[in-house]
Amino acid sequence: MEPIFKPALHRQRHQFVIDFVKKNKPQKVLDLGCSECSLLKRLKFHREVHLLVGLDIDGTKVKKKMHALAPISTDYLQPSYDPLCVELYQGSVTEKDARLRGFDLVTSIELIEHLTLADVERFSEVVFGYMTPVAVIVSTPNCEFNPLLPGLRGFRHSDHKFEWSRAEFRSWALKVCLKFGYKVEFTGVGHLASGYQESVGFCSQIGVFRRLERGDDSNVLGGDDAEEVFSYKLLYSVNYPSLRDNNILRRVLVSEVVCWTEKLKRWMGKKSGEGNVYYTLFETEEGEEGVEEQTVCRAEMRNPVLHCERGASEDEGEFWTHFQRRQDSCTSFRCVSVPLDVLWSCCPRVSTLSGSLGNLRRLLMDDPDVELSQDGDAVLVNCHEQEEEEDPDELEDSGYEQASRHRSDPAEQEEDWEANV
């Protein structure tokens with residue numbers, strides 16, 4: 001049946017939910033009848049969602065694919081700022097469980113037609129009366145469309161207990177709204193371009209329910225005397241790495257600081273002749289980064305980042321005064337001193353991660369991978385001679401500079417991933 005639609009009908013249903021999530025940004029999402037977690041696997045890439053939960057009565061199906069919801073290597077290498085917890089439960093949608101109350105969005109995609117009409121009433125009580133989510137998306141087959149599906153005899157699936165017409169679905173939805181304080185909008189996915197839309201509607205009809213505002217919060221979570229029951233079995237739970245965890249934040253920040261300081265040290269590998277050499281990191285009006293090599297005779301400088309002394313005398317004037325205090329650890333051996341204030345102001349990723357110069361200093365302090373100056377105002381990097389020095393031009397040609405300039409955040413990469421499936 002479904003190949004007559006492009007994209008396939010199940011993909012259109014899932015995309016409807018994803019579009020709703022993008023627009024409304026719910027933080028807590030529950031998928032009823034999650035089966036093999038195909039919708040959840042797509043929703044996990046939308047990090048506006050902080051709690052993603054699936055429920056299905058068939059635990060075997062859930063266990064079959066549940067580990068596909070685990071974090072991947074990118075989630076550890078580039079953690080998101082927002083937390084994400086994924087939980088999967090085994091249980092019936094006709095039973096109550098206090099852990100699933102108060103969600104922002106509950107989805108029921110092609111589920112209710114698998115219930116008896118008596119269970120549909122209990123489903124309504126549990127979802128709208130007990131869970132009381134902010135929004136509910138319910139999709140179900142539209143039997144008026146069935147004659148247009150080639151080769152179909154009877155219901156679309158052998159386990160379907162009923163298939164409603166548009167009028168029957170509307171009647172049930174309006175009763176739910178009246179009883180539990182919701183409003184509903186009717187739409188759907190899957191239609192033919194041959195002019196049948198008006199007469200038969202969508203192949204899958206969808207009701208989008210939104211909870212009405214109440215004058216008080218006494219009934220938001222099913223009333224003051226709501227039952228605290230726990231009838232579902234937890235099958236799987238995982239927390240994604242998040243920058244809200246100080247240990248993870250410190251690890252990522254230190255990695256970023258080390259990356260920048262090592263990059264600057266490699267740029268300094270170029271022989272620059274006799275005399276004192278001063279290197280500066282600058283940012284153009286177009287936002288591009290670069291390193292500029294300057295001799296002591298050049299007095300005009302922008303965003304000074306580091307100073308590598310090569311026999312500089314004390315009488316060279318006030319030119320070096322600002323940086324002399326940051327070279328206290330570099331007198332006995334060659335080293336690079338990267339002032340924290342300039343590192344923080346010139347490296348957007350570092351400033352974003354740390355939030356303030358004080359936080360940057362605190363997070364780097366006592367870290368074994370970072371050596372700070374005695375006053376704690378600069379990162380010190382040893383410049384030991386290598387057998388074969390790298391050519392800075394080769395570094396630029398390698399695309400390293402462009403890669404760091406165009407580094408994207410995890411949310412954007414996740415969006416790119418979504419666009420390609």
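How many salt bridges does the count come to by the rule I use here? The rule first: a salt bridge is a side-chain nitrogen of Lys or Arg within 4 Å of a carboxyl oxygen of Asp or Glu. By this rule the count comes to eleven.

Some ground rules. This is a predicted model, where local features need pLDDT of at least 70 and side-chain atom pairs count only at pLDDT 80 or more, while totals for chains, interfaces and linings use all residues. Residues are numbered from 1 along each chain as its sequence is written, and side-chain values use heavy atoms, with hydrogens and water left out.

I will start with the sheet. Helices (H or I, at least four residues) and strands (E, at least two) are DSSP runs, numbered from the N terminus. Two strands pair if DSSP finds at least two bridges between them. Eight strands form an open sheet with mixed pairing, in the order 6-7-5-4-1-2-3-8. At the edges are strand 6 (182-189) and strand 8, each of which pairs on one side only. On average, neighbouring strands of this sheet are turned by 15° against each other, direction ignored. As a general point, strands of a sheet pair through backbone hydrogen bonds, either parallel or antiparallel. Strand 3 and strand 8 take the antiparallel sense, over six bridges. Glutamate 87, for one, has serine 237 in strand 8 as its bridge partner.

Next, the helices on the sheet. Contact means heavy atoms within 4.5 Å. Axes are lines fitted to C-alpha atoms, for helices over the stretch in contact, and angles run from 0 to 180 degrees between N-to-C directions. Helix 1 packs on the sheet and touches strand 4, strand 5, strand 6 and strand 7, its direction making about 20° with that of strand 7. Helix 5 lies across strand 1, strand 4, strand 5, strand 6 and strand 7, and runs at about 175° to strand 1.

Now the interior. Buried means under 20% relative accessible area, exposed over 50%, and partly exposed in between (1.4 Å probe, protein chains only). A nonpolar core is a set of buried Ala, Val, Leu, Ile, Met, Phe, Trp, Tyr and Cys residues joined through side-chain atoms within 4.5 Å. Which residues touch the most other members of the largest nonpolar core? Of its 36 residues, they are Leu43, Leu52 and Leu88. Helix 1 gives the most to this core, with five residues. Apart from this core lies another, of 35 residues, including Cys85 and Phe209. Leucine 88, leaving aside neighbours within four places in sequence, is in contact with residues including Cys37, Val62 and Tyr236.

Back to the salt bridges. Glutamate 36 forms one with lysine 65, the closest N and O atoms being 3.7 Å apart. This pair links distant parts of the chain, 29 residues apart: glutamate 36 is in the loop between strand 1 and helix 2, lysine 65 in helix 3. Glu36, Lys64 and Lys65 are linked in a network of salt bridges.

Glutamate 125 and lysine 179 meet at 2.5 Å, N to O. They sit in helix 5 and helix 6, 54 residues apart. Glutamate 125 is partly exposed at 35%, and lysine 179 is exposed at 55%.

The last pair is arginine 99 and aspartate 97, with closest N and O atoms 2.8 Å apart.
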